[in-house]
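Subject: Structure handover

Dear colleague,

Here is the structure I said I would pass on. My notes on it follow below.

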Amino acid sequence: KVLPAPRDVRELSSSFFAGTAGRALPDSVAVLVTGRDGVPVPEVEVAFSVVAGGGGISPATAMTDAQGIARAAWTLGANTGRNVLQAGIATVGTATLEAEAYADLSTAIVEVLDGEEQEGVVGEPLPRPIQVRVSDANGNPIRGVTMEWLVPGDASETGYFQVIMPGPADNLERLRVPPSAAGQGVPPAV
């Protein structure tokens, strides 16, 4: 059986993806290999390699199927930001795919930087503002987080932080964080 020679390799549907830092994209990435006149070419080895952002790809090489498509699973790097993957054929060239890695909201860690262990008068500002940092387990900052300090009605209880995570309005995640746990940078309780 004689197969046409590969002439082009390109992304199949999109060259840009988005996902959680340190995790695999939900769908595999795919490239299309074509010959002259745009005809898909089967049985061509495509090499995948991560060129920016860290992470990994599996498998590192894949054969095109009967439709000329080669697929691989892409795990993004642990840091937020741009990730770049190339898929290539030595005699033809490469296709470049990009992904944006976002912080992992499910591993949110609240760390109090300043303002703990203060006393104040009800209705008056505290002497020092409470400053917190919210990040994921990889240390990536989580932006767009609303922090509230709530004081229960019972004077015997200690106040706590309520973290309102970014997301769709109908799916806000509210986390209760006691001040002692928040100060240690531990994950909040849901």
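I begin with Gly139, which is partly exposed because its relative accessible area is 49%, a value that falls between the 20% limit for buried and the 50% limit for exposed. Please keep in mind that this is a predicted model. Gly139 sits in the loop that runs between E11 and strand E12 (146-150). Along the chain, Gly139 and Ala103 are 36 residues apart, while their C-alpha atoms are separated by 8.7 Å.

Strand E11 covers residues 131-135 and includes Ser135. Ser135 has a relative accessible area of 11% and is therefore buried, since the cut-off for that class is under 20%. If neighbours within four places in sequence are left aside, the contacts of Ser135 are Thr107, Ala108 and Ile109, together with Asn140, Pro141 and Ile142.

The loop between strand E10 (109-114) and E11 holds Pro129. Is Pro129 buried or exposed? Pro129 is exposed, at a relative accessible area of 54%, because the class begins over 50%. From Pro129 to Asp114 the C-alpha to C-alpha distance is 7.3 Å, with a sequence separation of 15 residues.

Now to the sheet. An open sheet is formed by 4 strands, in the order E1-E3-E7-E5, with antiparallel pairing. Its edge strands, E1 (8-11) and E5 (56-58), each pair on one side only. From one strand to the next, the twist averages 30°.

Within that sheet, strand E3 (residues 29-34) and strand E7 (residues 69-75) run antiparallel and are joined by 4 bridges. Opposite Val31 stands Ala70 in E7.

Strand E3 also contains Thr34. With a relative accessibility of 3%, Thr34 counts as buried, because this is under the 20% cut-off. What is Thr34 in contact with, leaving aside its neighbours within four places in sequence? The contacts of Thr34 are Ala5, Pro6, Arg7, Asp8 and Arg10, and also Val39, Pro40 and Val41.

To recap the accessibility classes: Ser135 is buried, Thr34 is buried, Gly139 is partly exposed and Pro129 is exposed.

Regards

Notes:
Residues numbered from 1 in each chain as written. Predicted model: local features only at pLDDT ≥ 70, side-chain atom pairs only at ≥ 80, totals over all residues. Heavy atoms only, no water. Pairing = 2+ DSSP bridges. Helix = DSSP H or I, 4+ residues; strand = E, 2+ residues; numbered from the N terminus. Axes fitted to C-alpha atoms, helices over the stretch in contact; angles between N-to-C directions. Buried < 20%, exposed > 50% of the residue type's maximum accessible area, 1.4 Å probe, protein only. Contact = heavy atoms within 4.5 Å.
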